[in-house]
Amino acid sequence: MITMYAWPSTADGPDALPMVHFTTDEQAGGEVTPDGTPVWLFDTAIREGGWAQFADFEGWSTPAADWRALYRREDDILAVTGPGACQGWYEGTLGADAEWVTAAAAQQSVVLLAAPVQHPSLYGYAVEAGAAFALLVPLLVV
């Protein structure tokens, strides 16, 4: 079984958007490109799930119709689901601070970020390499 990890963050600005970075310990699933480069484990699921490359703001800046997220304040649980292979994308604790919860409640949406990196601090490198993805998802905060 593959364990997915989630880290909350909040974009700067007066209308800050809550974000969640997703990653896993296991990055490759055994598939390789014709030149022998390992294919990221979630590459197909992300592309079929409607995610867009992070640099394609127009591609991910409108809420994804087939996705939804729920955040429960009382126990810090985030549940995210999408279409096809992304059904049941994530369910677990988030470690959200008060700033993230306030932004989430105000915006009622969350930006999901994913890349083949082991930690969100490396996401910028994935963006530069064209390997980072984003998705804007409607969020219900209860």
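**Entry 1: terms and ground rules**

Two strands pair if DSSP finds at least two bridges between them. Helices (H or I, at least four residues) and strands (E, at least two) are DSSP runs, numbered from the N terminus. I note that this is a predicted model, in which local features need pLDDT of at least 70, side-chain atom pairs count only at pLDDT 80 or more, and totals for chains, interfaces and linings use all residues. Residues are numbered from 1 along each chain as its sequence is written, and side-chain values use heavy atoms, with hydrogens and water left out.

**Entry 2: confidence**

I looked up pLDDT, the predictor's confidence in each residue, from 0 to 100. The protein chain averages 84, and 84% of the residues score at least 70. Where in the protein chain is confidence lowest, and where is it highest? The lowest mean, 53, belongs to strand E4 (residues 38–40), while E6 has the highest, at 97. A reminder to myself: where pLDDT is low, the predicted coordinates should not be read in detail.

I went to strand E9 (109–114) next.

Which way do E9 and E10 run, parallel or antiparallel? They run antiparallel, joined by six bridges. Val111 has Leu136 in E10 as its bridge partner. With E2, E9 pairs in the parallel sense over four bridges. There, Met19 stands opposite Val111, and Val20 has Leu112 as its bridge partner.

E2 covers residues 18–24, and seven of its seven residues are buried. I checked both faces: Pro18, Val20, Phe22 and Thr24 lie on one side, Met19, His21 and Thr23 on the other. E2 also pairs with E1, in the antiparallel sense over seven bridges. Ser9 has Met19 as its bridge partner in E2.

Thr10 sits in strand E1. Why does Thr10 count as buried? Because its relative accessibility is 18%. I listed its contacts (heavy atoms within 4.5 Å): not counting residues up to four places away in sequence, Thr10 touches Ala16, Leu17, Met19, Glu99, Trp100 and Ala103.

**Entry 3: His21**

His21 is in strand E2, and it counts as buried because its relative accessibility is 12%. Its side chain makes a polar contact of 3.5 Å with that of Ser9. For the record, a polar contact is a pair of N or O atoms within 3.5 Å; within protein, one must be able to donate a hydrogen and the other to accept it, and residues adjacent in sequence count only if both atoms are side-chain atoms. Leaving aside neighbours within four places in sequence, the residues in contact with His21 include Tyr5, Trp7, Leu113 and Tyr123.

**Entry 4: the nonpolar cores**

A nonpolar core is a set of buried Ala, Val, Leu, Ile, Met, Phe, Trp, Tyr and Cys residues joined through side-chain atoms within 4.5 Å. How many residues does the largest one have? I read 30, and those with the most contacts inside it are Phe22, Trp51, Trp67, Leu78, Trp89, Trp100 and Leu112. Elements giving two or more residues to this core include E2, E6, E7 and E9. E10 gives the most, with five residues. A second, separate core of 12 residues includes Ala52, Trp60, Val117 and Tyr123.

I then followed Phe22. Leaving aside neighbours within four places in sequence, its contacts include Met4, Leu78, Trp89, Tyr90 and Leu112.

**Entry 5: aromatic rings**

Rings of Phe, Tyr and Trp (its six-membered ring) pair if their centres lie within 6.5 Å; planes under 30 degrees apart count as stacked, over 60 as edge-to-face and the rest as tilted. The structure holds nine aromatic pairs. One of them joins Trp67 and Trp89, edge-to-face, at 6.2 Å centre to centre and 70 degrees between the planes. This pair links distant parts of the chain, 22 residues apart: Trp67 is in the loop between helix H2 (57–60) and strand E6 (68–72), Trp89 in the loop between strand E7 (77–81) and strand E8 (90–93). Trp67 is buried at a relative accessible area of 3%, and Trp89 is buried at 9%.

Technical notes. Buried means under 20% relative accessible area, exposed over 50%, partly exposed in between (1.4 Å probe, protein chains only).
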